[in-house]
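Visitor: I'd like to learn how to read a few features of a model. Could you walk me through one?

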Amino acid sequence: MAEPSAATQSPSVSSSSSGAEPSAPGGGGSPGACPALGPKSCASSCAVHDLIFWRDVRKTGFVFGTTLIVLLSLAAFSVISVVSYLILALLSVTISFRVYKSVIQAVQKSEEGHPFKAYLDVDITLSSEAFHNYVNAAMVYVNRALKLLIRLFLVEDLVDSLKLAVFMWLMTYVGAVFNGITLLILAELLIFSVPIVYEKYKTQIDHYVGIVRDQTKSIVEKIQAKLPGITKKKAE
């Protein structure tokens, strides 16, 4: 009687062992996942990509119009005035809706409760784990920026430092013509227009960019050959 029981148990053992083997090489992760950034970071980056490429016209139009109005308001008024008017407008909407719903409930003698109860019950607390994840992600970019600044200001590569000097010299002329708010407005216009234009005329733009890149590379190589004390990097 022992043999049949062993025979009935062996398929379950073999099936469990065979089901455990495929999960070992992949580690349980899907091939399309982003282990370095995490699912939340991938989702946020995809949302930004869809936003600037006008995948949802209504959503992008709302974000673009709202931010543009805020920036134009900051160009005309002070920051305190703009923030105060925005808060007053938001309070006017929420208070009016709250009073309206209270009057409707009193007339109809209903007990629907607070109109914003669903939003008041939402848990918006930031956990320590999520906070540390955001800090760690930010520290990667901070350390990278600090390393780049040290390279540029301590002249590890003379050409790169000269590029920064020329760029800052050109920015002095830009600063004499535009202020910070104007540059932010121009930056927003470029962010919401250049990607969609590049996506539409990608072939033509890549052709001309390649020509400019080749000419710039040849000029930089000539400058590197004439300037003394430059250690050329060996190709790895």
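Guide: Over residues 176-198 the chain is 83% helix and 0% strand, with the end C-alpha atoms 30 Å apart. Helices here are DSSP runs of H or I with at least four residues, strands are E runs of at least two, and both are numbered from the N terminus. The unreviewed UniProt entry lists residues 62-91 and 176-198 as "transmembrane region"; such annotations may be inferred rather than shown by experiment, and positions follow the numbering used here, with feature names shortened. This is a predicted model, where local features need pLDDT of at least 70, side-chain atom pairs count only at pLDDT 80 or more, and totals for chains, interfaces and linings use all residues. Residues are numbered from 1 along each chain as its sequence is written, and side-chain values use heavy atoms, leaving out hydrogens and water.

Visitor: What about residues 62-91: how far apart are the end C-alpha atoms?

Guide: They lie 20 Å apart, and that span is 93% helix and 0% strand.

Visitor: How do I read an aromatic pair?

Guide: You describe it by the distance of the centres and the angle of the planes. Rings of Phe, Tyr and Trp (its six-membered ring) pair if their centres lie within 6.5 Å; planes under 30 degrees apart are stacked, over 60 edge-to-face, the rest tilted. The structure holds five aromatic pairs. For Trp 169 and Tyr 173, the centres are 5.3 Å apart and the planes at 85 degrees, so this pair is edge-to-face.

Visitor: Where do Trp 169 and Tyr 173 lie?

Guide: Both are in helix 8, four residues apart, about one turn of the helix.
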